[in-house]
Amino acid sequence: MALLEVRGLSKSFRGLRAVHDASFDVPQGTINALIGPNGAGKTTIFNVIAGVYPADAGAIHFEGKAIHGLRADQVCAAGIGRTFQIVKPFAGLSVLDNVVVGGLLRERSAAAARRISLDILEKLHLGPKRDLPASSLTLPDRKRLEAARALATRPKLLLLDEVMAGLRPTECDQMIEVFRGLNRGEGLTILLIEHVMRAVMALAQHIGVLHHGEVIARGTPEQIVRDPAVLECYLGEETEV
Amino acid sequence: MTWHLVVNVAIAGLLTGLVYGLMALGLSVIFGVVRVVNFAHGEMMTIAMYATVTLFAVWQLDPFVAVVPIAAAFFVFGYLMQAGIINPFITRPEHSQFMLLVAVAIIMVNGLMVSFGPDARNVQVDYQLESYAIGPILFDKARLLAAGMALAASAALFAFFRFSLTGKAIRACADNWLGAKVVGLDVKHLYALTFGLGSACVAVAGSMMILLVDVTPVLGPAYTLLAFVIVIVGGMGSMAGALLGGVLIGLSEALAGLFIQPSAKSMISFGLLILVLLVRPQGLLGKKA
Amino acid sequence: MKRATLGLAILAALLVLLPAVVRGYALSVATLILYFAYTGQAWNVMMGFAGQLSLGHSLYVGVGAYAAGALFFHYGIGPWAGLWVAILLCVLLGLLIGFLAFRFGISGVYFALLTIAFAEFTRIGFDHLDWTGGPGGMFLRVAQRDAWDLAHFRGPPLMYYYTMLFLTAGAFVLCSFLLKSKAGYYWLAIRENEEAAQALGINTFRWKMLAVAISSAMTAIAGVFFAFYYNNLFPEQIFHISRSIEIILGPIIGGVGTLFGPILGAAVLTLLSDGITELLAALGWEMPGIKQVFYGVVLLVVIVFLPHGIWPGLARKLGLDR
């Protein structure tokens, strides 16, 4: 039984079919990626899993329990953390306080939440910026803050939505190390949406490819890179990996 | 309680409702485009009423004549207020915007109190006493003319937004502020223009209203609330909705005054507001946000 | 932080000792300042903390006042028992409004208008309610004004001053405790970005309702005070939208969402109002309405030039924390 099991997920918006009959597994302790062209339905899948809106059809099981139909806050309490593609920091709060809000879900006191938040900020290389207002951060830092905040809720599964976008190669490598560390060290399961293939190839053990709302391929990075359907719609004939 | 009494009261309510509708139309246009809650709307209406009283008292100008300079003056005033004072507040939190206009409203109401005192004022013209009759059904001449003016003004505004280039530009701003800027529209000017137009609507409504009721300074806040009730019931952003809402409110108030106690008629309006906010927050003719 | 605590201690001491140097009219002004400081803080919980703009807070003052007042008027029930009824009724009302608003996704302007509608509806309703005296009002018997009788909340102006001081101080302590607690963090998060808050496991509906409940309960207490301080209640007066605006003036001028803003704002406004009255009397300009014109102008100036209120800038200048 995989940590997350998605079966036959479908979602339409006023007649526009965003996701159709998507199924995939996210095994415990692995890093999985969802790739595909823009508009393929990747963020929609995230939003449905995270409880932002309900699916039209299909089932989602997390740790064997059904979570389709739960509210966003209930999904988080169940153990799934997520970041947003368009970052949503608490602009008026400091970087540290942003993460504390996340931490308060599991910690008993604000003080305890602050302790674990400082820890997480260090891990994500945001320590020095902890007292700055979140509104003053650059975009890459905001993305890291999103991740830090979600991590503070002690998720078993972390959904990362294009968290590498806008990062320089060195910053990207840093983040790759952070997530690899979290995966290896704490057994954090990660499902990420990415366009930055460098990160996908470095991190992902399994990849699912979406096109026009449908899963057109699933497999290891080596398999995906050779899959003709994938090459045709997304990766192109020559890939720089 | 004869049937023709009810019908006459209903007709009077309907006609008054059209004037209410014009007032609300001004608010709808302002809120729909500039997205600022004009908490001084009713106060502006009251000022227009007093202006009409003054022009009548000093120069014996009939309201249908006085409406022209008053509307023009209000247009300019509205334009300046938006461009000068309100504009920086568009990006500020809602409570800030609210309070800005509350402050303006306070200054307006009490300015009127200082200038005119608390006693009721009105205009007295001949045709207020005349009416047309179709059997037992009566149409007050003044009310009919006022409603006609309200309809004409609404139609003119509607035509402006539908057919003129500037009108379309304003609608573009309302739909997508950033997009409008990107294509080179002078949003600040268009916003000010819109506020000016909304103010002119209020002015016309006020000039007409004074033919139907007496004016006191304290009418301001009451009209502000009424305008909001109408706009919400009729539908934010819908011009026809404002008129429809106005007619509905005018009608229900008149009938409530007849069947229930007159003093309770505002309760109907507020009850309707609460109901609409819960059941259909976009209003009768509004579009979903 | 140490500087702030010291400043606070000095202020508290000054307020406690104030009646030694101030009597009569000035004492009643001080009581009024504290009243607005208190109600401002109560309102601030809903707006400054949870981000919900209520323009109908007079509803809770009025219902609280009438509840305790009517119980006293008809059954001789003392203010302490009446207090609980008042709080219960106001909390229920607040939760109703909150439920209707939050379940149906009403926020911002629409929420504000909803609160206005409820207050207005109640105002007109009470005008037609004979049991509470209708538009003619309800007058409470005042047994005596000399000895401190806390059980019946009757006594000299001094007693009312210290009661209001106690309430304001209590509200301050409560609000500072709330701000540092989980509730404070969650409310700020909801205010900043509700969707992000939900993604972090926050049941935003429940927390918003909590803010509404606390705010309305606190305001109910102010209503009970009002009833037994002024001893006459009129629907036109107590539920009027002007009362709601008065309540929010303090926090907005002082600084929404801050701890000290409502208190500072209340002080500034009341003293200013009085100062203007004196000035106008001296100038001989005593027409009705002229004072409010000045009021409005001051308000306008503050709003335009000090959008975050007076306190944040002042606090920075004085080197204080919050």
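Colleague: Two strands pair if DSSP finds at least two bridges between them. With that settled, which residue stands opposite Leu160(A) in E8(A)?

Modeller: Leu160(A) stands opposite Leu192(A). Strands (E, at least two residues) and helices (H or I, at least four) are DSSP runs, numbered from the N terminus. Strand E7 (residues 157–161) of chain A is joined to strand E8 (residues 189–193) of chain A by five bridges, and the two run parallel. Please note that this is a predicted model, in which local features need pLDDT of at least 70 and side-chain atom pairs count only at pLDDT 80 or more, while totals for chains, interfaces and linings use all residues. Residues are numbered from 1 along each chain as its sequence is written, and chains are lettered from A and ligands numbered from 1 in the order in which they are written.

Colleague: What is the strand order of the sheet of six strands in chain A?

Modeller: The order is E6-E7-E8-E3-E9-E10 in an open sheet with mixed pairing. Strand E6 (80–82) and strand E10 (214–219) of chain A are the edges; each has a single partner strand, so one side of each is left without a neighbour in the sheet. From one strand to the next, the twist averages 20 degrees.

Colleague: Which strands does helix H1 of chain A lie across?

Modeller: Helix H1 (residues 42–49) of chain A lies across strand E3 (31–35), E6, E7, E8 and strand E9 (206–211) of chain A. H1(A) runs at about 145 degrees to E7(A), where angles run from 0 to 180 degrees between N-to-C directions and axes are lines fitted to C-alpha atoms, for helices over the stretch in contact. H9(A) lies across E3, E9 and E10 of chain A, at about 120 degrees to E10(A).

Colleague: And the four strands that form the other open sheet, in what order do they come?

Modeller: They come in the order E2-E1-E4-E5 (chain A), with antiparallel pairing. Here strand E2 (16–26) and strand E5 (65–66) of chain A stand at the edges with a single partner strand each, so one side of each is left without a neighbour in the sheet. Strand E1 (residues 4–13) of chain A is joined to E4(A) by five bridges, and the bridge partner of Arg7(A) in E4(A) is Ala59(A). Strand E4 (residues 57–62) of chain A has two bridges to E5(A), with His61(A) partnered by Ala66(A).

Colleague: Which residue takes a positive phi in the hairpin of E4(A) and E5(A)?

Modeller: Glu63(A) does, with phi near 55 degrees; that hairpin has two residues between the strands.

Colleague: Where in chain A is confidence lowest?

Modeller: By pLDDT, the predictor's confidence in each residue from 0 to 100, helix H9 (residues 228–235) of chain A is lowest, at a mean of 80, and H3(A) is highest, at 96. The mean pLDDT of chain A is 90, and 98% of its residues reach 70 or more.

Colleague: Changing topic: which chains share the most contacts?

Modeller: Chains B and C do, of the two pairs of chains in contact; residues are in contact if their C-beta atoms, placed from the backbone, lie within 7 Å. That contact takes 33 residues from chain B and 36 residues from chain C. H4(B) gives the most to the side of chain B, with 15 residues. That side has 24 nonpolar, seven polar and two charged residues. For these classes, Ala, Val, Leu, Ile, Met, Phe, Trp, Tyr, Cys and Pro count as nonpolar, Asp, Glu, Lys and Arg as charged, and the others, Gly among them, as polar.

Colleague: How many residues of chain A are in contact with chain C?

Modeller: 20 residues of chain A are in contact with 17 residues of chain C. Helix H2 (72–78) and helix H3 (95–103) of chain A each supply at least two residues of that side of chain A. Chain A and chain B do not touch, their nearest C-alpha atoms being 13 Å apart.

Colleague: Within chain C, at what angle do the axes of helix H3 and helix H4 cross?

Modeller: The axes of helix H3 (residues 58–75) and helix H4 (residues 79–103) of chain C cross at roughly 145 degrees and come within 8 Å. The residues of the contact of H3(C) with H4(C) comprise 14 nonpolar, three polar and no charged.

Colleague: Lastly, which residues does Asn232(C) touch?

Modeller: Not counting residues up to four places away in sequence, Asn232(C) touches Gly137(C) and Phe139(C). Asn232(C) lies in strand E2 (residues 232–233) of chain C.
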